[in-house]
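Dear colleague,

I am handing over a structure that I have been looking through, and I would be glad if you opened it before reading my notes.

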Amino acid sequence: MSDDRVLVENCDGYVVITLNRPDKLNAFTPIQNNSLMEALDTADANPDCRAVVITGAGRGFCAGQDLGERDPADGTPDLGQTIETYFNPMIRKLRAIQLPVICAVNGVAAGAGANVALACDIVLAARSAKFIQAFSKIGLVPDSGGTWTVTRLIGEARAKAVMLTGAPVTAEIAEQWGMIWKAVDDEQLMDEAHSLAGSLSKGATVGLGLTKMLVQAAGTNTLDKQLDLERDTQREAGRTPDYVEGVSAFLEKRPAVFTGRR
Ligand code: T3D
């Protein structure tokens, strides 16, 4: 990946994707959106990549859509087009990619930036970070799946309050509310993200990907449907080399060495 608006660092078994427009708090432009999508597609297609970390350069994670690209004098903007072209595919990709995606929220995450972060599988946030549903401040509605994701994560009462007021939610409150996995000391954030990604990238990747899909499906399935899905998915997981290795390692009282292969 050569575009300097999104940096990609290949680590041992995982990639770190960094949004890189720090002077604009990494606000999204079409080029940055496309670069992030391309980085995710590349990670997804690489059998040696078994986890993904997304973070931001500088003091912010992402301030959402770059408002410098908007013309307030344009009387008939079609903002639905940006959503359809950039943000919706991004959220769909984050949910569909069969790898654990960790978001390391290094600073403010506002608008679509907050909702892209919250669409990731495991969200770590620096204690100084804040999540802001900034849309109400500019006359818009929350997008990038925010009304779906945030409502499921923290419930309707809190979701409505943070969305209608645009009040910042600190990393610690976000953790208390179950909106994210963990708030960590600022200087520990990337160490923690690398350690988590390193450990997940040595896991049973197929099983982890299927687990992600199961948890996501649980949000809309009935229990009966979910039980059937678990049965079918377990069948699939049980036919992976990592299952053979996991059980063998257990019986032989040694650490398992998973390959992540199908
Ligand atoms: O338009 C469509 O297609 C629809 C899609 C919408 C999706 C969305 O994401 S809508 C929501 C867009 N985002 C916002 O409304 C957030 C706007 N930003 C802020 O409210 C604040 O910047 C923050 C609360 C995020 C951070 O505040 P603070 O005080 O820490 O930083 P700052 O000084 O406001 O920002 C630092 C710089 O980043 C500043 O540039 P400058 O003046 O130093 O050259 C600021 O203009 C720039 N910046 C911050 N956010 C954006 C931005 N530039 C362009 N677009 C931004 N969203």
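**The sheet and the ligand**

Six strands, in the order β1-β2-β3-β5-β7-β10, form an open sheet with mixed pairing, where strands are DSSP runs (E, at least two residues; helices are H or I, at least four), numbered from the N terminus, and two strands pair if DSSP finds at least two bridges between them. Because β1 (6-10) and β10 (182-184) stand at the edges with a single partner strand each, one side of each is left without a neighbour in the sheet. Within the sheet, β5 (residues 101-105) and β7 (residues 122-126) run parallel and are joined by four bridges, and Ile102 stands opposite Ile122 in β7.

This is a predicted model, in which local features need pLDDT of at least 70 and side-chain atom pairs count only at pLDDT 80 or more, while totals for chains, interfaces and linings use all residues. Residues are numbered from 1 along each chain as its sequence is written, and side-chain values use heavy atoms, with hydrogens and water left out.

Turning to the ligand, 24 residues surround it, and Gln65, Leu67, Arg70, Thr82 and Ala112 are the closest (a residue is near if one of its heavy atoms lies within 4 Å). Oxygen atoms of the ligand make polar contacts (pairs of N or O atoms within 3.5 Å): one is 2.9 Å from an N or O atom in the side chain of Lys24, and a distance of 2.9 Å is also found to a polar backbone atom of Gln65. Of the shell around the ligand, α2 gives the most, with three residues.

Best wishes

Definitions and conventions: Polar contact = N/O pair within 3.5 Å; in protein donor to acceptor, adjacent residues only side chain to side chain.
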